[in-house]
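Please examine the model below before reading the questions and answers that accompany it.

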Amino acid sequence: MSVAERAARERRLANAAAIVDRCRKCEIGAIRQNAVYGEGDACAALLIVGEGPGETEDRDGRPFIGRAGQLLERMLAAIGLARDDVFIANTVKCRPTFDDGVRLRNRAPTPDEMTNCRPYLDEQIEIVAPRAILALGAPAAKSFLGPKFSITKQRGQWFDGPSGIPIIATFHPAYILRLTGGEVEATKRLVWTDLKALRSRLDAPPSSAARADGAAQGSLFED
Ligand code: SF4
């Protein structure tokens, strides 16, 4: 990757982020504190897609910076990746909320919000041109793979994503943090399997990527 190409990608991402900053296509665009465009390496081999910003992300305008973000960083570290090595985005750039009468609470993005915001995500994928996409959680995975996608049955499998970019899904770190008892270790083992498959795919030469298996070395990430 040349210095000029990197600079061009960074410029395009900055321009797109400025457009998102002014976007009010959805009602949540008027309620948000900050748009959360996404961040990371403009030339990343891996692009990560979560569901949407939460309260902390809305406050600071950055994706995955709360407890789930810290766990995501440990998941990445387990396969030898730093946060700065990847590009992190969400299906929607504004925090979806509802008012429970006391305060604004997080909710899942609506289909309309995801549709409205999709061009921004598609543009990010086009600019970064990653070698693989990791979808975190069912909503992010379904936004690429359709409503019938089952995170429990189909996580850890490779699919063709946008422009043929391979995509794999695993459980969202926030979901892992909500688990208790034996479910925690059992789920972490499944996620670790998925992460190893991802590492192998990233390590494989492009021509043999389809044959990559879960042979990565390392140890289970800690929560
Ligand atoms: S969620 Fe996306 S499309 Fe909707 S207002 Fe925010 S930036 Fe615009």
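Predicted model: local features only at pLDDT ≥ 70, side-chain atom pairs only at ≥ 80, totals over all residues.

Q: Why is the protein chain described as being as compact as a globular protein of its length?
A: The secondary structure of the chain comes to 9 helices and 8 strands. For 223 residues the globule rule gives 17 Å, and the chain is as compact as a globular protein of that length because its radius of gyration is close to that value, at 17 Å.

Q: What share of the residues in the protein chain is buried?
A: A residue counts as buried if 20 or more other C-beta atoms lie within 10 Å of its own. Of the 223 residues in the protein chain, the buried share is 43%.

Q: How many residues of helix α6 are buried?
A: Helix α6 covers residues 138–145. Its buried residues include Lys142 as well as Phe144 and Leu145, and they pack against several elements, among them β2, α5 and β8.

Q: Which residue just after α6 takes a positive phi?
A: The position in question comes just after helix α6. Its phi is about 95°, and the residue is Gly146.

Q: Which element gives the most residues to the shell around the ligand?
A: Among the 14 residues around the ligand, Cys23, Cys26, Gly29, Cys94 and Cys117 come nearest. Two or more residues of the shell come from each of α2 (28–31) and α5 (111–128). With 3 residues, the element that gives the most is α5.

Technical notes. Residues numbered from 1 in each chain as written. Near = placed C-beta within 6 Å. Helix = DSSP H or I, 4+ residues; strand = E, 2+ residues; numbered from the N terminus. Rg over C-alpha atoms; globule rule 2.2 N^0.38 Å. Buried ≥ 20, exposed ≤ 12 C-beta atoms within 10 Å, placed from the backbone. Contact = placed C-beta atoms within 7 Å.
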